[in-house]
Amino acid sequence: MRRPLSYYLRKLLKWSALPAFLLMAASFLIVKYLITGTNINASYITSFLNTNTAVICMSIGVTAVILTGGIDISLGALVSLCNVVAVQLMMHGVHYLPALIIVLLMAVAAGAVNGAVVSYLHVPPLLTTFATQTVFAGLALTVMRVPGGRIAGECTSFYYGKLFGFLPPTILFILVPVVIWKIYRRSPEGTRLYAVGCDEGKAFLSGINVERCRMFAYCFAGFCAGMGAIAYTFYVSAGDPDLGNSLDMRAISAAVIGGVSLSGGYGDVAGGIFGCLFFGMLTNMIVSFKVNVFTQNLLEALILLAGVLMAIAVRNRSMSLKGGLKREGQ
Amino acid sequence: MKRVKLLSLVLAVIAVMSLCTGFTAARDAEDTRVPEGGFKIACSTGMGGNTWVAQYNEDFTQHCEEYKEMGLVSDYQIVNTNADLTEQINQCTALINSGIDCLILWPASTSGVQPIIELAKANDVLVIINNDPAAFEGTYCVCGNTTKFSEILTRWLATELDGKGNIVRIEGMAGNNSNELRVPVEDEVLAEYPDIVTLASGNGNYSQTVAQEVMTTYLSTYGDKIDGVLAQDVMGDGILKAYKNAGVTPTLMTGDYLKSYLKAWKETPGLRSCSVTYDAYIGCTALDVAINLLQGKTFKDEVLQANPADPSLINSIVVDPAYVVTLEGDQDAPWMEGLTSKAITLDEALELLEDKDDTAALDGGLSTEEVNALFE
């Protein structure tokens with residue numbers, strides 16, 4: 001049966017990632033049409049994706065955590081830790097494949113630690129991940145005190161090469177977490193995860209294993225941070241114990257701009273991805289506008305604030321369209 | 001819903017593909033980059049939000065305006081990021097893409113800016129690494145002599161202590177490149193004085209507030225056992241506040257070059273201190289070097305020095321601190337040996353900053369003529 005156009009319009013308006021998608025599209029169009037001298041071509045887009053892959057991966061991971069009503073501010077430090085461990089392993093003669101597997105396992109284990117403390121010891125997520133952030137940052141500094149080192153040439157060649165002759169390999173680092181998330185999301189466990197974020201008490205009374213849902217979210221966030229760290233390591237080809245320090249808030253902000261509710265239970269990873277792309281384009285826009293250095297931060301903050309307000313307004317509208325508190329996962 | 005998402009994604013792909021086409025030909029036509037009215041200069045700083053960076057930006061802006069009047073610079077732009085490598089790469093990509101001739105790069109990560117360097121090389125953009133030394137083939141590095149900075153302060157303190165006593169140390173930020181270059185130098189100098197005991201060492205993160213917290217802890221733990229304080233720069237005011245709050249009069253500490261600290265030092269009777277400038281003018285020196293290189297000039301033999309981050313790479317201009325401030329301003333003091341720095345008294349330092357705000361830093365460096373003299 002053919003549905004009327006209004007049906008699709010309503011569906012589109014309910015899409016949690018819509019504000020971030022619009023912001024991203026608008027920023028691309030502004031850079032393309034309103035700013036002269038910006039040469040947007042395939043190489044520009046590849047370079048843009050290469051730069052922002054780590055934060056996109058983190059945003060996917062942190063979205064899963066936020067959907068359960070939690071938060072993870074340790075992912076940036078975890079990216080730093082994974083980066084220096086990967087570089088040190090390769091510098092000490094470990095082949096890059098086992099080195100990368102070790103790094104991914106370590107990232108998942110770090111996520112599991114966060115998940116276990118939050119789920120089973122009932123320590124608030126902010127406090128838990130603040131503590132582990134310090135631990136990961138300290139470990140990163142222990143593993144590598146000063147930025148430096150080199151990774152295996154094969155890794156760099158792979159990252160700067162092309163898949164099937166035209167695709168930037170960085171797409172892989174984004175696709176793997178997205179596919180895992182989509183599979184999980186479509187399973188009954190995915191629906192349960194949203195239910196935990198909507199109302200933990202009701203979810204528990206409904207027989208949902210709340211702890212297991214949370215454990216998955218934190219482990220998945222760790223995995224995404226590991227993927228992001230590997231992508232970033234391939235990109236910069238070296239180690240830096242402070243590499244991921246500034247990425248936490250960027251990933252969380254991107255998720256919020258992407259329509260994810262900080263109280264949990266509403267949103268999707270697509271929003272976080274678009275949010276990250278918007279962030280990257282915003283930086284380009286500010287640079288291209290040639291704003292005075294002393295007012296750059298102010299302008300960037302104002303545009304971000306507008307973006308967040310827009311995201312919240314559209315989300316509220318979308319939630320009311322869905323009927324009160326009914327959430328996407330229900 | 002699935003169809004709507006699919007439709008949106010298809011639209012996004014079409015939009016992106018349309019962005020990919022149509023621009024290349026137009027750019028190729030104007031890719032000769034012959035400067036009309038001067039060169040296009042960009043500067044990206046890896047840190048923001050403190051007074052030192054503000055002064056760096058002001059100095060750089062003023063110097064660019066001077067070159068603009070001379071017709072050597074047609075356009076310039078400064079961008080800041082606060083140790084956010086991703087943001088810096090995004091910024092620099094946009095700058096390089098806008099057709100600049102030179103990028104003066106204060107790296108947010110000294111090992112992580114490789115993609116920027118590669119992109120700049122691919123676009124024939126001259127890269128001058130500035131302030132925080134980083135070693136990359138095909139670039140030049142213009143930075144302050146950060147190891148001498150540490151050596152002067154440590155040697156001064158050790159001399160004042162007559163080689164014995166208890167000190168506490170407040171370092172910069174763990175993992176920060178300058179910090180990691182300075183701390184080993186401090187250790188090395190202190191090793192020459194085995195009777196100087198370090199009671200405690202912590203990070204002040206180049207923040208007055210954090211330094212104040214650390215010093216407050218030291219004062220409550222060690223009290224009058226502390227004979228002297230060895231601290232890096234931009235934290236002196238915080239340390240003095242910790243002393244004031246604890247009701248203790250400081251007697252011996254290394255300070256910094258901000259006017260607020262120098263004034264507080266002047267107003268603290270009995271305090272012996274030493275300030276070594278870590279000059280924000282270093283950005284202007286990098287600009288002078290860039291203008292010469294862009295004009296096709298070459299360095300004289302023996303001018304380039306080993307890169308502080310990788311001594312095997314000879315691509316650096318390392319500038320000594322402009323001023324060393326003590327109560328006496330002794331140019332012949334042992335810590336001044338082999339330096340081009342000028343020793344001045346506290347009163348002379350305050351006179352140099354007379355018309356400036358309290359947040360201003362004592363600042364200096366190589367003049368344009370001195371930089372020009374480095375070239376054939």
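Where in chain A is the place of A:Asp248? You'll find A:Asp248 in helix α12, residues 247–257 of chain A; helices here are DSSP runs of H or I with at least four residues, strands are runs of E with at least two, and both are numbered from the N terminus. A quick word before going on: this is a predicted model, where local features need pLDDT of at least 70, side-chain atom pairs count only at pLDDT 80 or more, and totals for chains, interfaces and linings use all residues. Residues are numbered from 1 along each chain as its sequence is written, chains are lettered from A and ligands numbered from 1 in the order in which they are written, and side-chain values use heavy atoms, leaving out hydrogens and water.

Back to A:Asp248. The residue is buried yet has no salt bridge, and the nearest side chain of opposite charge, A:Arg250, is 11 Å away. Buried means under 20% relative accessible area, exposed means over 50%, and partly exposed is in between (1.4 Å probe, protein chains only). A salt bridge would take a side-chain nitrogen of Lys or Arg within 4 Å of a carboxyl oxygen of Asp or Glu; Lys and Arg count as positive, Asp and Glu as negative, and His and the chain ends are not counted. What the side chain of A:Asp248 does reach is the backbone nitrogen of A:Gly76, at 2.4 Å. Leaving aside residues up to four places away in sequence, A:Asp248 touches several others, including A:Met58, A:Ile73 and A:Gln133, where contact means heavy atoms within 4.5 Å.

Now hop over to B:Asp84, which sits in the loop between β2 (73–80) and α4 (85–97) of chain B. B:Asp84 counts as buried because its relative accessible area is 7%. A polar atom of its side chain lies 3.2 Å from the backbone nitrogen of B:Thr86. Not counting residues up to four places away in sequence, B:Asp84 touches A:Ser246 and A:Arg250 in chain A, along with B:Ala108.

Staying in chain B, look at strand β3, residues 102–105. In a regular strand the side chains alternate between the two faces of the sheet. In β3(B), B:Cys102 and B:Ile104 on one side and B:Leu103 and B:Leu105 on the other are all buried. Strand β1 (residues 39–45) runs parallel to β3(B), joined by 4 bridges; two strands pair if DSSP finds at least two bridges between them. β3(B) also pairs in the parallel sense with strand β4 (residues 126–130), again over 4 bridges. Follow B:Ile104 across: B:Cys43 stands opposite B:Ile104, and B:Ile104 stands opposite B:Ile128 in β4(B).

Methods: Polar contact = N/O pair within 3.5 Å; in protein donor to acceptor, adjacent residues only side chain to side chain.
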